[in-house]
Each structure stands twice: as C-alpha cells, then as structure tokens.
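The sequence and structure come next, followed by the description.

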Amino acid sequence: MFTNYLKVAFRNLWKNKGFSFINIVGLAVGMASAILILLWIQNEVTYEGFHEKKERIYEAWNRATFSGELHCWNTTPKVLASALQRDLPEVEHACRVFWDRSLLFSVGDKRVMEKGNAVDSIFLQVFTFPMIKGDPKTALMDPRSIVLTESLARSLFGKEDAMGKDIRIDNKRSYRVTGILNDLPNNSRFTFNYLLPWSFVRDEGEDDIWWGNNSTRTYVLLKPNATLASVAPKVQIIKQRYDTSEKHWEMFLYPINRWHLYSSFKGGVESGGRIEFVRLFGIIAGFILLIACINFMNLSTARSEKRAKEVGIRKVVGAQRYRLITQFIGESILLSFLAAILALGIVQLSLPGFNHLTEKHLYIPYGSVAFWLAGIGFIIFTGLLAGSYPAFFLSGFQPVKVLKGTFKAANALVTPRKVLVVLQFTFAIVLIICTIIVKQQIDHARDREIGYDKGNLVFHNMTGDIPKNYQLIKQELLSSGAAVSVCRTSSPLTQSWSDTWGFQWEGKDPQDKTDFYNVCTDEGLVKTVGLQLIQGRDFDLHQYQTDSFGILLNESAVKSMHFKNAIGQTITNDDKKYHVIGVIKDFIMESPYSPTQPMVIRGASGWFSTINFRLNGTMSTSASLKKAEAIFRRYNPEYPFEYKFIDEDYATKFDDEQRIGTLAGLFAGLTIFISCLGLFGLATYMAENRIKEVGVRKVLGASVGGIVALLSRDFLQLVLVSFVLAAPVAWYAMYKWLQDYPYRVDIKWWVFLMAALLSAGIALLTVSYQAIRAATANPSKSLRSE
C-alpha cells in the first residue's frame with residue numbers, strides 16, 4: 001500500500017509540474033526563511049549558556065534616582081567586589097572586569113593592536129572559557145601573566161607555541177603567556193582577545209577605592225547552597241554601609257540567564273529588551289512558514305476537481321476515509337521533504353549574507369544528532385500543517401456526485417481558500433507598513449540637527465607617545481595644512497565616557513540628583529568641532545590662563561541649573577571651583593533617538609583620551625590624511641595610525657534600527673514572493689477553469705481589458721480585505737515600538753495608502769499575465785468541443 005501511495009504521489013508531481021514547482025519552491029523558501037530565523041533565535045537564547053556554573057553566576061547592578069527617574073545600570077565601584085567577598089558568606093567568588101581597551105602588543109618586529117580586559121585572577125574559575133593550554137586556576141595569578149585567545153596567539157607567534165613567551169605591552173612592561181583560550185563563542189557578551197591580571201590596572205594608576213566611581217563590572221558566583229533570595233537583602237544595602245551619603249542607593253544581583261535578553265530597565269524594573277525581537281522574529285518565522293503552507297493548501301484544494309474522480313473510484317472499491325487522509329498527508333510530507341532539501345541549499349548559500357546582516361556567526365550543525373532529529377520533526381510538522389486541510393477536504397468528496405459528474409467546486413462568497421489568501425496578504429501588508437515606518441524613524445533621527453559639523457572631522461585615540469607629544473603634533477598638523485583646527489577631549493564626540501551628579505551651584509536643591517555628562521577638553525573645541533556658541537566664548541588658555549578651570553554648559557545644563565545668566569556662575573565639583581565662560585547649543589553625544597542630556601565641559605584641568613582635528617577642506621581628504629599619518633608616525637612611531645571619521649562613527653548609532661528595518665524588509669519581500677507564487681498558481685488554475693467562459697464572452701463582444709478586469713477583480717477584492725485587516729494591526733505594532741523612542745516620527749496616513757497601492761499593484765502584476773493570456777486566447781480553440 002505504501003509503495004502504491006508513493007508511486008501515485010510521484011506521478012501526480014510529474015503530471016502537474018508547474019503546480020509542483022510552485023509548491024516546492026514556495027515551501028522551500030518558507031522553510032529556508034524559518035530555518036535562518038530559528039538559527040538566529042537559537043543563538044540569542046543560548047547566550048552565556050556554555051558556562052558550567054551558570055546557575056550561580058550573577059552581575060552586580062545599581063539602582064538609584066537621577067533627574068527624577070529611577071535608573072538601573074551595571075557599572076559598579078572597583079571596591080565592590082572585595083566588599084561582597086568579605087561581607088557576604090554566601091559569595092564564593094566576586095570578580096571584576098575592567099574596560100574593553102585596545103593595547104599595543106609587540107613581539108619582535110610584530111606590532112598588533114588588540115582589545116581585551118583586565119580581570120581578577122579568579123575570572124576563569126567563575127566563567128567557563130575552555131583553555132587549550134594552561135590552568136584556569138593559576139593562569140592569572142602572576143602579576144606579569146597574560147592569557148590569549150587562540151587567534152591572537154597565532155597572530156603574534158604564528159605556528160610557534162606561545163606558552164611561556166613574553167609580550168611587550170604598550171612599550172612599557174613585558175608579560176608572559178600563561179594560558180591560551182579557544183576563540184570565544186559568538187553567543188557571549190565577552191569579546192576579549194586577551195586577559196590581563198588586575199595588577200595591570202594598578203600599574204596604570206587606574207585603581208581606586210572610591211564608592212562613587214562606577215567604572216567596572218562586578219560578577220558574583222554564589223556558593224552551591226546559597227540562594228538569590230537569601231543574599232539579595234544584604235546586597236541591597238551594601239553601598240549604603242560604606243557610603244552613608246547615599247541612603248536611597250540600592251544594589252542588586254542580576255542572573256546570567258537574563259543579561260542578554262531582558263536587561264532593559266524602566267523605572268527601576270525590567271521592561272523587555274532583546275527578548276521582544278526574539279519573540280517578534282519567532283512570530284515572523286511562524287507566519288512565513290504558514291504562508292508557504294497556505295500555498296500548498298490553496299493549490300491542492302483549487303485542483304480538487306482534477307483529483308475528485310480518483311477519490312471517488314478509491315472510495316467505490318472500498319478505500320476508507322482515513323486511508324485517503326493518510327495518502328494525502330503522505331504526499332504533503334513527501335513534498336515537504338523535497339522542499340527541505342532545497343531549503344538547506346538556500347540556507348547554506350544565504351548564511352554568509354545573513355551573518356553579515358545580523359553580525360553573527362551562525363552555521364548549520366550537520367554533525368549534531370539533535371539537529372537532524374529536529375529537522376525530521378520540522379519536515380513532518382510542515383507536511384502535516386500544509387497537508388491537513390487538503391487531506392480532509394479531498395477525502396470528504398461523495399463518490400456518487402463525483403462519478404455522475406455533478407460535483408463542482410464551491411464558489412461561495414467566503415471559502416476557506418479565500419480566507420487563506422487573505423491571511424497571506426494580511427501578514428505581507430503588515431510587514432510592508434512596518435518596514436516603511438522603521439525606515440521613516442531611522443531617517444527622522446538621522447536628519448535631526450546634531451549640533452555640530454561632522455564634515456572632515458577626524459579623531460584618533462591618544463595612544464603611546466601622543467599625550468606627551470600632543471603640542472608638537474598639533475603644531476605640525478596646523479603648519480603642514482593637514483588640519484585647520486585641533487583639540488583634545490576626554491572621549492570621542494559620539495560617546496559619553498563619564499557622567500556625574502556631583503556638581504554644586506548656588507541655589508541647588510539638596511535633593512537634586514540631575515545627572516550631567518562630564519567632558520574634559522582644552523582650547524579650540526568650539527572651532528574644531530563646529531559647536532554653536534549662544535553666550536560667552538570658547539576656551540583660550542593663551543589669553544585666559546584661568547580657563548583651565550573654566551566651564552562650558554549646554555542649553556540643557558543651563559535649564560537644569562535654573563540660571564538666568566550663566567556666564568560667570570561658579571560651579572564646584574570634588575572641592576574644585578569652576579567658572580562658566582560660555583553656553584553652547586545642545587549637541588547629540590549619545591543616542592539620536594533621545595533628548596539631549598545636560599552637559600558640563602571642563603577646561604584643561606581634566607584628562608584626555610582623544611585628539612580631534614578638522615581636515616583642511618581646500619586639500620583632498622587623502623592628501624590631508626597622508627600628511628597627518630606622517631606626523632603621527634613621527635611622534636608615535638610604535639603605534640599604527642588608526643583614525644576614524646566622526647560622521648562614520650555617528651552613523652553606527654543607527655545600526656540596530658537599520659538592521660531591524662533591513663530584516664523586516666527582507667522578510668516582507670520573501671512573504672510577498674511566497675504569496676505571489678501561490679497567487680500565480682491560483683490565477684493559472686482560474687484561467688484554465690474559466691477558459692470556455694472567456695471564449696463565450698469574447699464571442700459576445702467582450703474586450704480584452706474587460707475580461708482582464710473580470711478575472712483580476714476577485715483577487716484585488718481579497719487584497720483589499722487583507723489591507724483592511726492589516727492596517728490596524730500594523731498601526732498598533734508600530735505605535736508600541738515607537739514608544740521606546742522619546743524622539744520619534746508620527747505615523748502618517750499616506751504610509752497605509754502606499755502599502756495598499758503597493759500590495760494591490762503586486763497582486764495585479766502577479767495575476768495579470770494569466771488574465772491577459774486567457775483574454776487574448778483564440779475562442780475558437782476553447783469552444784471547439786461545444
């Protein structure tokens with residue numbers, strides 16, 4: 001019996017090649033899309049899941065009120081780890097991870113800049129990063145030890161064994177390789193290529209015991225018998241115990257399994273995070289697969305008259321309904337199997353581009369038994385989903401009506417087939433509308449007034465000898481004509497590396513906890529960056545030596561401090577007095593989707609990490625950069641010339657939203673493609689079934705245009721119904737999404753009109769070929785047998 005069913009299935013596939021092709025390609029594209037999304041979801045939900053002690057690992061977080069709002073964040077004082085280890089018996093280990101910094105590695109003539117972290121020696125006992133060589137318990141015990149990833153070790157030493165070899169770091173001190181790790185998995189928040197012991201932080205003079213300096217991440221490993229509930233009250237008040245000035249400041253431990261997907265907080269509580277995207281794309285994967293299955297359902301039921309006699313004969317000779325259902329389900333699973341083979345090929349070809357788009361390293365685990373078992377389950381599920389309705393529909397035919405020739409397919413106002421077409425296009429239209437609005441939101445933020453001139457503005461980290469040779473570098477950049485203005489800042493203009501609520505001024509409310517961006521600079525900031533002065537002047541240390549304790553405020557800071565006239569006002573911080581010399585227009589330093597924050601820019605009394613210079617506009621960019629590179633190499637010969645353009649760095653702020661928009665557009669396109677495949681198949685069958693009707697109409701004088709309109713009208717009506725259903729769903733989804741952006745676009749009515757016209761146009765183009773072909777056919781051929 002099974003052999004007979006298999007033969008019949010293949011005969012039907014071969015007999016109806018066009019419909020079989022549409023079904024297999026549609027299912028394959030749907031399955032490939034679902035597989036890609038499921039691979040991405042699997043990567044997202046398994047973040048940090050490879051650590052052996054993951055059930056006991058937590059991260060320390062702060063919770064406090066600033067600017068009238070309760071905030072949570074995960075940078076903590078450096079001294080917290082020792083306090084937790086000392087005061088809480090439930091804590092097995094507490095370790096710190098400091099910065100993600102690029103350092104210069106020198107081995108012989110090789111010079112490599114790599115990013116990594118300084119950590120406590122027990123870091124590799126808390127987290128499980130498999131070591132190729134070395135002991136995780138002792139690898140970071142020596143103050144001059146270093147652990148490398150396999151890739152960095154190969155980059156520095158080639159095929160030689162790196163263990164025990166010395167590396168000179170930043171041309172200051174040598175460190176010995178005591179461990180080599182496997183390259184880090186791509187489902188981890190950690191991205192280091194090296195690990196240095198905490199002694200490096202002390203040697204650099206960056207260690208401190210101040211409870212007000214939140215600059216490091218602190219991780220906690222609880223003892224096996226300890227619970228979060230038992231330790232949470234003690235952690236909550238630990239800062240208050242050591243810093244009595246912060247009576248309402250709380251700390252809490254956040255479990256490792258929530259770091260990646262849930263760590264978005266509003267008002268001091270969890271408010272979603274990446275889990276929302278995981279759920280969203282899970283729904284999209286399900287709908288794309290469902291739409292592909294709907295194609296199979298529609299085409300199978302549309303061709304019901306073709307197989308009605310087969311069903312009737314089988315029933316007459318004694319076939320029971322469950323056997324017919326089994327036959328049709330089996331045909332569906334066979335089709336799903338063939339589609340799955342094609343889908344795997346599509347996925348394999350698409351993975352490089354998909355990985356580039358999502359910034360992942362996804363792959364198909366061919367060697368995993370679980371993957372093949374899941375694959376078989378996926379094929380069977382798809383086959384059952386696609387074949388269930390056609391199987392019950394076809395097996396329900398009455399043999400008497402079929403064999404007498406009185407059976408006709410229903411042509412009611414509402415049929416399951418029409419409902420399925422409407423469902424397909426509803427989802428496609430929702431994605432079209434969402435794609436347009438996401439693009440509008442990105443453009444809205446991109447077009448926002450940034451507050452300074454990004455053109456020809458370049459920055460370079462102050463590595464190696466740049467700090468001590470800064471004045472010489474500045475002088476030569478200007479005298480050579482490579483740059484027209486130069487200044488230093490404590491961070492790149494596109495990032496805030498420091499903020500504080502510690503500024504004091506006359507009339508300040510003692511309860512005021514306004515948080516200010518804290519930026520340091522020297523003279524020439526306004527000119528170099530192109531900031532807009534509203535009051536006062538720029539820093540000028542040559543003419544005004546007291547400008548080293550001068551301050552520039554932005555508009556938001558003036559508003560927060562309630563100054564009517566800010567110039568000359570005195571502001572104190574850490575017992576140092578500063579005087580306001582100017583007010584600048586607000587400029588965007590962090591998110592372009594959020595309001596600008598109050599900002600205090602201090603004079604040359606601070607620290608610097610970045611040199612900024614504006615290239616000479618009268619010279620070509622390449623010529624200016626070539627001159628600048630020669631100057632940097634002259635005064636900082638051991639380090640590479642690694643510059644960045646401000647406009648390019650600023651553009652990275654839109655990456656996440658751009659990725660969402662691209663993915664939404666991609667899946668919208670795939671959904672439309674699959675839907676149109678099914679629509680094309682239905683239009684083909686419709687044209688075949690109504691060929692005699694068309695012939696009669698032509699004989700009676702109907703025009704080609706009139707017949708095309710007649711044949712297309714039913715499909716356009718279904719698309720219109722789809723739009724009516726999709727519009728409110730898309731509006732609500734985008735309304736909720738936009739609420740996360742304080743600076744957001746309004747949802748315009750014309751977006752829905754564009755989506756309606758676009759979907760109607762696509763549907764019309766899809767069915768018009770078959771409609772025109774039927775309308776232009778010679779009626780004498782279709783009516784010859786009448």
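## Salt bridges

A salt bridge is counted where a side-chain nitrogen of Lys or Arg is within 4 Å of a carboxyl oxygen of Asp or Glu. The structure is a predicted model, in which local features need pLDDT of at least 70 and side-chain atom pairs count only at pLDDT 80 or more, while totals for chains, interfaces and linings use all residues. Residues are numbered from 1 along each chain as its sequence is written, and side-chain values use heavy atoms, with hydrogens and water left out. By the salt-bridge rule the count comes to 35.

Arg63 and Glu250 form one of these salt bridges, with 3.1 Å between the closest N and O atoms. The pair links distant parts of the chain, 187 residues apart: Arg63 belongs to strand β1 (residues 57–66) and Glu250 to strand β12 (residues 250–255). Helices (H or I, at least four residues) and strands (E, at least two) are DSSP runs, numbered from the N terminus. Glu250 is partly exposed, at 24% relative accessible area. For burial, the classes are buried (under 20% relative accessible area), exposed (over 50%) and partly exposed (in between), using a 1.4 Å probe and protein chains only.

Glu44 and Arg274 also meet through their side chains in a salt bridge, at 2.9 Å from N to O. This pair too links distant parts of the chain, 230 residues apart, with Glu44 in helix α2 (residues 17–45) and Arg274 in the loop between β14 (269–270) and α10 (275–302). Glu44 is buried, with a relative accessible area of 1%, whereas Arg274 is partly exposed at 31%. In a further salt bridge, the closest N and O atoms of Arg488 and Asp522 are 3.1 Å apart. Arg488 is in strand β16 (residues 483–489) and Asp522 in the loop between β19 (516–520) and α17 (525–529), 34 residues apart. Both Arg488 and Asp522 are buried. Elsewhere, salt bridges with shared partners join Arg144, Lys172, Arg173, Asp203 and Glu204 into one network.

## Aromatic rings

Rings of Phe, Tyr and Trp (its six-membered ring) pair if their centres lie within 6.5 Å; planes under 30 degrees apart count as stacked, over 60 as edge-to-face and the rest as tilted. The structure holds 50 aromatic pairs. One of them joins Phe549 and Tyr578, a tilted pair with 5.7 Å from centre to centre and 40° between the planes. Phe549 lies in the loop between β20 (533–536) and β21 (550–554), and Tyr578 in strand β23 (residues 576–584), 29 residues apart. Phe549 is partly exposed at 35% relative accessible area, while Tyr578 is buried at 2%. The rings of Phe632 and Phe641 have centres 5.1 Å apart and planes at 40°, so this pair is tilted. Phe632 is buried at 3% relative accessibility, and Phe641 is buried at 12%.

Ring pairs also link Phe50, Phe123, Phe127, Phe129, Phe190, Phe192, Tyr219 and Trp259 into a cluster. A charge sits over a ring if NZ of Lys or CZ of Arg is within 6 Å of the ring centre and within 35 degrees of the ring normal. The charged end of Lys239 is placed in this way over the ring of Trp249, 4.5 Å from its centre. The charged end of Arg258 sits over the ring of Tyr262, 3.9 Å from its centre.

## Sides of a helix

Which residues of helix α16 (residues 470–479) are buried? They are Tyr470, Ile473, Lys474 and Leu477. Seen down the axis, the buried residues of α16 fall within an arc of 100°, so they line one face of the helix. The arc is that of the directions from the helix axis to the C-beta atoms. On the other side of α16, Gln475 and Ser479 are exposed.

## Positive phi angles

Most residues other than glycine have a negative phi. Trp99 has a phi near 40°, a positive value in a residue other than glycine. Trp99 is in strand β4 (residues 91–107) and is buried, at 15% relative accessibility. Asp575 also has a positive phi, near 65°. Asp575 lies in the loop between β22 (570–573) and β23 and is exposed, with a relative accessible area of 83%.
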